[in-house]
Amino acid sequence: DGETLEIFFEEACVALASPQTSISATHGNPADHDALLNVRSSYLTLRGSSRMVGLTAFGKRTKELEKTFNGWNATGQSATPTLLDLA
């Protein structure tokens, strides 16, 4: 419904602000794995919320981003400019 969708968009704006802060931190310190975990967590939140309001295509994209960051974090590698651009 419209009210639920409105709440989603408000929460999505908040959820998107967090990775922007983390991405900025990672530009200054590519080895900041906590910042990369914060980016992944934001995509996890967006994925769950988007599916609840029927935005399945958006949910699928955020799931792929979440999986990308899960894999990257598992390797222990520092962030690359390409990864940060993707985020």
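Modeller: The buried residues of helix 3 pack against helix 2 (33-52) and helix 4 (81-86), where contact means heavy atoms within 4.5 Å, and buried means under 20% relative accessible area, with exposed over 50% and partly exposed in between (1.4 Å probe, protein chains only). This is a predicted model, in which local features need pLDDT of at least 70 and side-chain atom pairs count only at pLDDT 80 or more, while totals for chains, interfaces and linings use all residues. Residues are numbered from 1 along each chain as its sequence is written, and side-chain values use heavy atoms, with hydrogens and water left out.

Helices are DSSP runs of H or I with at least four residues, strands being runs of E with at least two, and both are numbered from the N terminus. Helix 3 covers residues 56-75, 20 residues in total, and its first and last C-alpha atoms are 29 Å apart, close to the expected 28 Å; that expected span is 1.5 Å times one less than the number of residues. Its buried residues are Gly59, Thr62, Leu65, Glu66, Phe69, Trp72 and Asn73. They lie on the same side of helix 3 because they cover an arc of only 150 degrees around the axis, the arc being that of the directions from the helix axis to the C-beta atoms. On the face turned away from this buried side, helix 3 carries the exposed residues Arg61 and Ala74. After helix 3 comes Gly76, with a positive phi near 75 degrees.

As for confidence, pLDDT is the predictor's confidence in each residue, from 0 to 100. The protein has a mean of 88, and 100% of its residues reach 70 or more; confidence is highest in helix 3, at 92, and lowest in helix 1 (residues 2-28), at a mean of 84.

The salt bridges come next, each defined as a side-chain nitrogen of Lys or Arg within 4 Å of a carboxyl oxygen of Asp or Glu. By this rule there are 3 of them. Glu66 forms one with Arg40, with the closest N and O atoms 3.8 Å apart, and this pair links distant parts of the chain, as Glu66 is in helix 3 and Arg40 in helix 2, 26 residues apart. Both Glu66 and Arg40 are buried. Glu66 also pairs with Arg47, where the closest N and O atoms are 2.7 Å apart; Arg47 lies in helix 2 and Glu66 in helix 3, so this pair ties together parts 19 residues apart in sequence. Glu64 and Lys67 meet in a salt bridge at 3.9 Å, N to O, and both lie in helix 3, 3 residues apart, about one turn of the helix. Glu64 is partly exposed at 43% relative accessible area, and Lys67 is partly exposed at 47%.

Aromatic rings of Phe, Tyr and Trp (its six-membered ring) pair if their centres lie within 6.5 Å, with planes under 30 degrees apart counted as stacked, over 60 as edge-to-face and the rest as tilted. The structure holds 3 such pairs. The rings of Phe8 and Phe58 have centres 6.3 Å apart and planes at 80 degrees, so this pair is edge-to-face; Phe8 is in helix 1 and Phe58 in helix 3, 50 residues apart. Phe8 is buried at 5% relative accessibility, whereas Phe58 is partly exposed at 36%. Together with Phe9, Phe8 and Phe58 form one aromatic cluster.
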